Amino acid sequence: MHSLSQRLLISVSIPLAVFFGVMMMVLDNSFRELADRTLQQLLDSQMVALIAAAEPQPDGKYAPESADLAARLRTPRSGLYAQILSTKSKSVWRSPSAAGASIDFGPAREPGIRDISYASNGHERIEIESRGIEFEDRTGQVQLTFSVAASMTPYEQQLWAFRRQLFGWFSGLMLVLLAALAGLLRWVLSPVRRMEREIHEVEEGRSEALGAGYPRELSGVATNLNTLLIGERNRVARYRDTLGNLAHSLKTPLAVMRAALASNNSVSEAVLNPEIDRMSAIIEHQLKRAAASGGALLGQAPVDVMEIVAELRVALLKVYARKDLSIELMVAPGCQFIGDRGDLTELLGNVLDNGCKWCHHHPCCRMPAAGQCWTCFS
């Protein structure tokens with residue numbers, strides 16, 4: 001993957017997807033707990049109403065009056081069901097809504113016991129709340145088990161609808177955020193694409209340098225690239241001029257040699273040697289001019305002056321061993337030279353060589369600071 005935009009989009013989309021996934025789980029859990037509490041509150045309220053409405057019947061059963069029942073308990077297959085089980089007489093009363101439904105409300109509960117159970121009515125899941133109650137009437141002790149059941153299908157349908165809606169919301173929000181991020185990245189990286197385009201134009205020769213107006217983070221890069229381009233352009237021009245000057249300077253010695261060879265078959269060394277020496281001097285002069293005008297390359301590492309001076313000291317002590325010299329070096333710590341190492345070696349070598357050549361016994365090279373250098377003789 002070579003695109004910065006793709007890398008950033010993927011690196012952001014993965015944490016964003018994880019965050020949205022966690023948020024969906026949290027919201028789903030909260031909604032499910034809210035639905036459970038709502039269903040439990042419904043069962044509790046219906047349980048209280050059923051206990052309050054239960055009255056003894058002539059046949060020994062306990063049952064509420066039809067008018068006291070909630071509308072859903074009077075409607076068959078409404079999803080809300082009730083049952084009163086008498087432990088003593090084994091009689092059972094069921095609400096009209098349970099007609100035709102095969103719901104197992106479970107066994108009788110001991111007095112004071114309240115529990116939640118689950119059953120099924122075909123494909124319908126049922127949550128059942130049962131409570132055992134004991135009291136005394138005119139016939140003696142009575143134990144009743146009140147049960148209220150509610151279908152969980154509506155709540156499950158609401159839960160799945162909420163999940164689908166939640167997934168749609170978060171998916172849409174994630175796509176919008178990623179689209180906004182992609183647009184933002186395109187705007188932020190537009191200077192980089194502009195630099196790429198301008199470099200391509202320079203490579204094709206349609207432009208000589210990069211333009212201005214880059215952001216602060218890229219202005220230094222653009223400036224250094226322009227410096228490099230100008231330096232390389234000047235270097236090529238300098239090489240061309242050097243070659244031209246060299247060719248022009250060699251014309252005269254070559255013409256003299258050609259004339260001498262044409263006029264005399266036995267040309268003496270006295271005629272050729274001066275011209276050959278002249279040609280060598282011209283070539284050496286042009287090469288030195290090219291090297292001296294080279295300047296510092298962009299990104300060239302600085303040269304440690306002390307290292308070069310120490311190497312020259314060792315070499316000069318060997319060359320002038322017969323003079324029994326003592327060469328003293330005084331170079332400021334951290335003194336560095338920005339340029340060609342060979343140029344500096346030649347320059348300092350000439351200076352120290354002159355000092356060793358003309359001194360009596362104690363030459364000294366002092367470089368107290370950058371840009372300052374002198375040699376003393378004694």
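Arg32 is partly exposed, at 31% relative accessible area, where partly exposed lies between buried (under 20%) and exposed (over 50%), taken with a 1.4 Å probe on protein chains only. The structure is a predicted model, in which local features need pLDDT of at least 70, side-chain atom pairs count only at pLDDT 80 or more, and totals for chains, interfaces and linings use all residues. Residues are numbered from 1 along each chain as its sequence is written, and side-chain values use heavy atoms, with hydrogens and water left out.

**Confidence**

The protein has an average pLDDT of 80, and 83% of the residues score at least 70; pLDDT is the predictor's confidence in each residue, from 0 to 100. Helices (H or I, at least four residues) and strands (E, at least two) are DSSP runs numbered from the N terminus. Over residues 369-378 pLDDT stays under 50, and the model has 27 contacts beyond four places in sequence for them. A contact means heavy atoms within 4.5 Å. Where pLDDT is low, the predicted coordinates should not be read in detail.

Five strands form an open sheet in the order 4-3-7-6-5, with antiparallel pairing; two strands pair if DSSP finds at least two bridges between them. Strand 4 (92-94) and strand 5 (114-121) are the edge strands, each pairing on one side only. On average, neighbouring strands of this sheet are turned by 20° against each other, direction ignored. Helix 1 (residues 4-53) packs on the sheet and touches strand 3, strand 4, strand 5, strand 6 (124-137) and strand 7 (140-151). The direction of helix 1 makes about 145° with that of strand 7. Axes are lines fitted to C-alpha atoms, for helices over the stretch in contact, and angles run from 0 to 180 degrees between N-to-C directions. Strand 3 (residues 80-86) and strand 4 run antiparallel and are joined by three bridges. Gln83 stands opposite Arg94 in strand 4.

**Charged side chains**

Side chains of opposite charge can pair when their charged atoms come close. The count comes to 11 salt bridges, each a side-chain nitrogen of Lys or Arg within 4 Å of a carboxyl oxygen of Asp or Glu. The table gives some of them.

| Salt bridge | Closest N to O |
|---|---|
| Asp28 and Arg32 | 2.8 Å |
| Arg114 and Glu129 | 3.0 Å |

Asp28 and Arg32 both lie in helix 1, four residues apart, about one turn of the helix. Asp28 is buried, with a relative accessible area of 13%. Arg114 in strand 5 and Glu129 in strand 6 are 15 residues apart, and their pair links distant parts of the chain. Glu129 is buried at 0% relative accessibility, whereas Arg114 is partly exposed at 41% and Arg131 partly exposed at 24%. Salt bridges that share partners join Arg114, Glu129, Arg131 and Asp44 into one network.

Glu127 also lies in strand 6. Glu127 is buried yet has no salt bridge, and the nearest side chain of opposite charge, Arg125, is 7.5 Å away. For charge, Lys and Arg count as positive and Asp and Glu as negative, while His and the chain ends are not counted. Leaving out residues up to four places away in sequence, Glu127 touches residues including Leu39, Gln40, Leu43, Ile116, Tyr118, Val148 and Met152.
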